[in-house]
Amino acid sequence: MAKRNLVLPKELKVGAMVYSVEINNEYLEGVEAHGATNNNTLEIRLNDEMPLLKRQETALHEAIHALNKVYCQGAELQEEQVAGLAGGLLQVMHDNPDYIRFILAR
């Protein structure tokens, strides 16, 4: 099956909040990170100089940070927990496309 050209959306809506999403390798180089979420300015920055699977995991990782801020205030996840959830969710989504289609059906 041919891969379609993947385009990173410029926004991520989480509850009533809309995060801007941008590729910013220069900013991330300074903090030595694959991605960063700023909940005060509603910005997600991602590094695109990684293999696709790592970029997907990083995008999911940063989305979990945003979800945690919007839906779990007072119960902040630790970085290790976010990393574990991102890796685990990505594996489940990749290995179980029928299950994910069921979840996403409207």
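A salt bridge is counted where a side-chain nitrogen of Lys or Arg lies within 4 Å of a carboxyl oxygen of Asp or Glu. By this rule the structure, which is a predicted model, has four salt bridges.

**Salt bridges**

| Pair | N to O separation |
|---|---|
| Glu43 and Arg45 | 3.6 Å |
| Lys54 and Glu57 | 3.0 Å |
| Asp98 and Arg101 | 2.4 Å |

Glu43 and Arg45 belong to a network of salt bridges that also takes in Glu22. Glu43 is partly exposed, at a relative accessible area of 24%. Arg45 has a relative accessible area of 18%, and since the cut-off for buried is under 20%, Arg45 therefore counts as buried.

Lys54 and Glu57 both sit in helix H2, and because they are three residues apart there, about one helical turn separates them. Lys54 is partly exposed, with a relative accessible area of 31%, and Glu57 is partly exposed as well, with 23%.

Asp98 and Arg101 are likewise three residues apart, about one turn of the helix, in helix H4. Asp98 is exposed, its relative accessible area being 56%. Arg101 is also exposed, at 52% relative accessibility.

**The hairpin of E1 and E2**

Strand E1 covers residues 11–14 and strand E2 covers residues 17–23; the two run antiparallel and are joined by four bridges. Val14 has Met17 in E2 as its bridge partner. Two residues lie between the strands of this hairpin, and Gly15 takes a positive phi near 60°.

**The largest nonpolar core**

Nonpolar side chains tend to be buried together in soluble globular proteins. Here the largest nonpolar core is made of six residues, namely Val14, Tyr19, Val21, Ile44, Leu46 and Ala66. E2 and E4 are the elements that give two or more residues to this core.

Ile44 is one of the core residues and is placed in strand E4, residues 43–46. How accessible is Ile44? Its relative accessibility is 3%, so Ile44 counts as buried. Leaving aside residues up to four places away in sequence, Ile44 touches Leu12, Tyr19, Ser20, Val21, Glu22, Ala36, Thr37 and Glu62. Tyr19 and Val21, among these contacts, are also members of the core.

A second, separate core has five residues, including Leu60, Ile64, Val82 and Ala86.

Ala86 lies in helix H3, which spans residues 79–95. Ala86 counts as buried because its relative accessibility is 0%. Its contacts, apart from residues up to four places away in sequence, are Glu57, Leu60, His61 and Ile64. Glu57 is the residue that meets Lys54 in a salt bridge. Ala86 and Glu43 are 43 residues apart in sequence, and their C-alpha atoms are 18 Å apart.

Which element holds His61? His61 is found in helix H2, which runs over residues 52–71. His61 is buried, with a relative accessible area of 12%. Beyond residues up to four places away in sequence, His61 touches Glu79, Val82, Ala83 and Ala86. Val82 and Ala86, two of these contacts, are in the second core.

**A nonpolar patch on the surface**

Where the cores consist of buried residues, the surface carries a nonpolar patch formed by Tyr99, Phe102, Ile103 and Leu104. Together these residues have about 520 Å² of accessible area. Phe102, one of them, is found in helix H4, residues 97–104. Is Phe102 buried or exposed? At 68% relative accessibility, Phe102 is exposed, since the cut-off for exposed is over 50%. Helix H4 is also where Asp98 and Arg101 lie.

Definitions and conventions: Residues are numbered from 1 along each chain as its sequence is written. This is a predicted model: local features need pLDDT of at least 70, side-chain atom pairs count only at pLDDT 80 or more; totals for chains, interfaces and linings use all residues. Side-chain values use heavy atoms; hydrogens and water are left out. Buried means under 20% relative accessible area, exposed over 50%, partly exposed in between (1.4 Å probe, protein chains only). Contact means heavy atoms within 4.5 Å. Two strands pair if DSSP finds at least two bridges between them. Patches are made of residues with over 30% relative accessible area and no salt bridge: like charges are joined within 9 Å, nonpolar side chains (Val, Leu, Ile, Met, Phe, Trp, Tyr) within 5 Å. Accessible areas come from the Shrake-Rupley method with a 1.4 Å probe; for residues, only the protein chains shown count as cover. A nonpolar core is a set of buried Ala, Val, Leu, Ile, Met, Phe, Trp, Tyr and Cys residues joined through side-chain atoms within 4.5 Å.
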